[in-house]
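Hello,

Here is the structure I said I would pass on. My notes on it follow below.

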Amino acid sequence: MARAALPGRLSWQLGRVLDTIDETQRARSLVLELPNWPGHRAGQHVDIRLTADDGYQAQRGYSIASAPEDNEVILTIERLENGEVSPYLTDVLEPGDELELRGPIGGYFVWDASLSGPLLLISGGSGIVPLRAMLRHWVAARLPVEVRVIHSARSLDEVIYRDELMRLAAYEEVDVRIALTRAWPERWRGHRGRVDRDFLKDAAWPPQDQPRIYVCGPTAFVEAVAAALVDNGQPPDTIKTERFGPTGG
Amino acid sequence: MTVPLDGNAIAGDLFAAFGREMTAVVGRCRSCGVTCAVAELCVYARAPGAVARCSSCNAVVMVLVTIAGECHAHLPALELEALS
């Protein structure tokens with residue numbers, strides 16, 4: 001090994017579930033009480049570790065859905081069928097239960113209110129979770145920064161934070177575009193189909209407006225969106241990406 | 001085939017191995033010379049350890065393993081910018 005383990009400041013801690021919120025049929029938010037929480041930045045995540053009776057451990061990362069300014073730390077977890085960790089978090093955990101986690105983690109995929117430029121947030125499925133922390137951070141900061149949210153889901157029922165997104169859309173500075181890829185209501189006025197190059201040309205700011213861009217979702221979604229943005233002339237170094245996928249759920 | 005993720009997915013283990021936040025640190029691939037943030041590396045997290053490849057030339061630049069609860073990083077082809 002090139003480098004021995006160093007004593008980091010990131011230690012495992014126990015949290016308590018205060019509340020659970022069903023966001024969609026497959027996604028649930030956990031509102032947590034964390035006595036040793038040092039505060040976080042919008043976009044960061046935590047690692048959750050489950051330990052079985054026989055000592056077997058499984059660890060997964062989940063994005064923080066709450067803003068630094070919120071009173072409680074909230075995680076939103078999407079249940080992956082046959083997953084090892086997520087079904088426990090979405091179906092079994094109840095208020096009062098304890099949970100072992102470490103965090104906050106990450107310094108790349110973060111947005112601070114001190115950053116300039118219009119903010120373009122693009123997500124697929126539960127990729128919206130860290131972006132929701134950024135949106136709440138934006139609301140708390142009361143900045144004159146324009147925000148555009150482009151979110152892709154299979155159907156309207158699968159749009160996580162749907163009501164909150166609609167409330168955000170009422171802000172003058174906020175524009176929310178929803179793309180539904182598989183099913184849509186008869187009178188759906190949003191985008192039908194994938195977030196592709198043509199849709200982005202219309203929905204994203206042009207490169208000369210120098211948007212600060214965050215893209216989060218499954219690997220295939222993130223790579224298609226990032227490639228389309230670059231095709232449309234967006235400099236790659238203005239696009240921050242975070243991919244997630246079934247590493248076992 | 002396993003779908004790769006990126007360096008964000010191993011941020012916790014990287015912190016444990018290096019004792020600091022690592023995803024925003026810039027690294028240079030010794031195989032092709034491209035530089036990028038650690039978060040932008042192509043990561044296969046499903047092996048017994050995590051394997052990070054250069055997103056440009058696909059060379060294995062970092063291997064991360066946890067042994068007896070301790071995370072260790074091996075850097076076969078990654079030069080990290082001076083860590084402050």
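How many residues of chain A are in contact with chain B, and with how many residues there? In this model 23 residues of chain A are in contact with 27 residues of chain B, where contact means that the C-beta atoms, placed from the backbone, lie within 7 Å. Strand E6 (98-105) and E12 of chain A are the elements that give two or more residues to the side of chain A that touches chain B. E12(A) gives the most, with four residues. By residue class, that side of chain A divides into ten nonpolar, eight polar and five charged. Nonpolar covers Ala, Val, Leu, Ile, Met, Phe, Trp, Tyr, Cys and Pro, charged covers Asp, Glu, Lys and Arg, and the others, Gly among them, are polar.

On conventions: the model is predicted, so local features need pLDDT of at least 70 and side-chain atom pairs count only at pLDDT 80 or more, while totals for chains, interfaces and linings use all residues. Residues are numbered from 1 along each chain as its sequence is written, and chains are lettered from A and ligands numbered from 1 in the order in which they are written. Helices (H or I, at least four residues) and strands (E, at least two) are DSSP runs, numbered from the N terminus.

Domains of chain A

The domain assignment, which is automatic or from a database, gives domain 1 (13-105) and domain 2 (119-244). Their C-alpha centres lie 24 Å apart. Between them, 17 residues of domain 1 are in contact with 14 residues of domain 2. The domain 1 side of this contact divides into six nonpolar, seven polar and four charged residues.

Strand E7

Six of the six residues of E7(A) are buried, so this strand is largely enclosed by the rest of the structure. A residue is buried if 20 or more other C-beta atoms lie within 10 Å of its own, exposed if 12 or fewer, and partly exposed in between, with C-beta atoms placed from the backbone. Leu119(A), Leu121(A) and Ser123(A) are on one side of E7(A), and Leu120(A), Ile122(A) and Gly124(A) are on the other. E7(A) pairs with E11(A) in the parallel sense over five bridges; a pair needs at least two bridges found by DSSP. Within that pairing, Tyr214(A) in E11(A) is the bridge partner of Leu121(A). E7(A) also runs parallel to E8(A), joined by six bridges, and there Ile122(A) stands opposite Ile150(A).

Helix H5 (residues 219-231) of chain A has 13 residues and reaches 18 Å from its first C-alpha to its last, close to the 18 Å expected (1.5 Å times one less than the number of residues). Phe221(A), Val222(A), Val225(A), Ala228(A) and Leu229(A) are buried in H5(A). Seen down the axis, these buried residues fall within an arc of 140°, so they line one face of the helix; the arc is that of the directions from the helix axis to the C-beta atoms. Ala220(A), Ala227(A) and Asp231(A) are exposed on the face turned away from the buried side. The cover over the buried residues of H5(A) includes strands E7 (119-124) and E8 (147-153), helix H4 (197-203), and strands E11 (212-218) and E12 (239-244) of chain A. Just after H5(A), Gly233(A) takes a positive phi of about 100°.

H2(A) is mostly covered, with eleven of its 14 residues buried, including Arg132(A), Arg136(A) and Trp138(A).

Regards

Definitions and conventions:
Contact = placed C-beta atoms within 7 Å.
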